[in-house]
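Please look at the sequence and the structure before reading on.

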Amino acid sequence: KLNMKISKILKIIGVLTLIFISVLVYILFINPASPRGFSEFIKDDLTMSVDYSRPYKKERLIFGDSASGALVPYNKYWRLGANFATTFEINKEISFASRIVNKGKYRMYAVPFENTWKISLNSEPGSFGYSEPDYSKDILSVNLPSTQMTDILEQLTIDFIEDSLGTAMRIRWDSTMVLVPLK
């Protein structure tokens, strides 16, 4: 009788574990609240890409003070998206906001402030983004101005633009925009 009870308990635990894993896979990969975003820039022999999750504004205060209930509080680590850490990858050496970055795959994150953002590249790509990175593995941090847009952008968007001034990675969400000059 004891073996039957243990067997039933193990079966119940197994079923519950399977349900939990299935729900987790569904939420993170099949139908995430913040779907995956991918942007790529290719020119001549240069390829740059950013892989991130794209949360929605949903009538929330996005950037601001912690006391105001901002989703992304000023002066705090932000994974530049949701779910997994944002990944920036390049196939050759480039200038990232006037700082040299070698070919590779990096974790990219930000610390937003009211008028500037600190954007960092870290040598630990691919980790779940909620936890802060090992800051000793940062390869660079740059401070860049943030600007206010006239329109509200509902979903976080990171893309690459090219104009007469050169190439930049553009980060936009809500009414805020940050440009990272790239060469």
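D45 and K92 are joined by a salt bridge, with their closest N and O atoms 3.1 Å apart. A salt bridge here is a side-chain nitrogen of Lys or Arg within 4 Å of a carboxyl oxygen of Asp or Glu. D45 sits in the loop between strand 1 (36–43) and strand 2 (46–53), and K92 in the loop between strand 5 (86–90) and strand 6 (94–96), so the pair ties together parts that are 47 residues apart in sequence. D45 is exposed, with a relative accessible area of 52%, whereas K92 is partly exposed at 31%. In these terms, buried means under 20% relative accessible area, exposed means over 50%, and partly exposed lies in between (1.4 Å probe, protein chains only).

The model is predicted: local features need pLDDT of at least 70 and side-chain atom pairs count only at pLDDT 80 or more, while totals for chains, interfaces and linings use all residues. Residues are numbered from 1 along each chain as its sequence is written, and side-chain values use heavy atoms, with hydrogens and water left out.

**Further salt bridges**

The structure holds 7 salt bridges.

| Pair | N to O distance |
|---|---|
| D45 and K92 | 3.1 Å |
| K137 and E124 | 3.6 Å |
| R172 and D159 | 3.3 Å |

The side chains of K137 and E124 meet in a salt bridge. Both K137 and E124 lie in the loop between strand 9 (116–122) and strand 10 (138–163), and they are 13 residues apart. K137 is partly exposed, at a relative accessible area of 34%, and E124 is also partly exposed, at 28%.

R172 and D159 form another salt bridge. R172 belongs to strand 11 (residues 166–182) and D159 to strand 10, so this pair ties together parts that are 13 residues apart in sequence. Are R172 and D159 buried or exposed? Both residues are buried.

**Overall architecture**

The secondary structure comprises 1 helix and 11 strands. Helices (H or I, at least four residues) and strands (E, at least two) are DSSP runs, numbered from the N terminus. The order of elements from the N terminus is α-β-β-β-β-β-β-β-β-β-β-β. The radius of gyration is 20 Å, well over the 16 Å that the globule rule gives for 183 residues, so the protein is more spread out than a compact globule. This radius is taken over C-alpha atoms, and the globule rule is 2.2 Å times the number of residues to the power 0.38. Along its principal axes, the C-alpha trace spans about 80 × 40 × 30 Å.

Of the 183 residues, 42% are buried. The accessible surface comes to about 10,900 Å², and 57% of this area belongs to carbon and sulfur atoms. Accessible areas come from the Shrake-Rupley method with a 1.4 Å probe; for residues, only the protein chains shown count as cover.

**A buried methionine**

M108 lies in strand 8 (residues 104–112) and is buried, with 0% relative accessibility. Which residues are in contact with M108, leaving aside its neighbours within four places in sequence? They are V50, R79, L80, T86, F88, F96, I119, S120, L121 and M169. Contact means heavy atoms within 4.5 Å. Among contacts in the protein between residues at least 6 apart in sequence, 53% join residues at least 24 apart.

**Two residues with positive phi**

Most residues other than glycine have a negative phi. N83, which is not a glycine, has a positive phi of about 60°. N83 is found in the loop between strand 4 (72–73) and strand 5, and it is buried at 17% relative accessibility. S98, likewise not a glycine, has a positive phi of about 70°. S98 is placed in the loop between strand 6 and strand 7 (99–101), and it is exposed at 68% relative accessibility.
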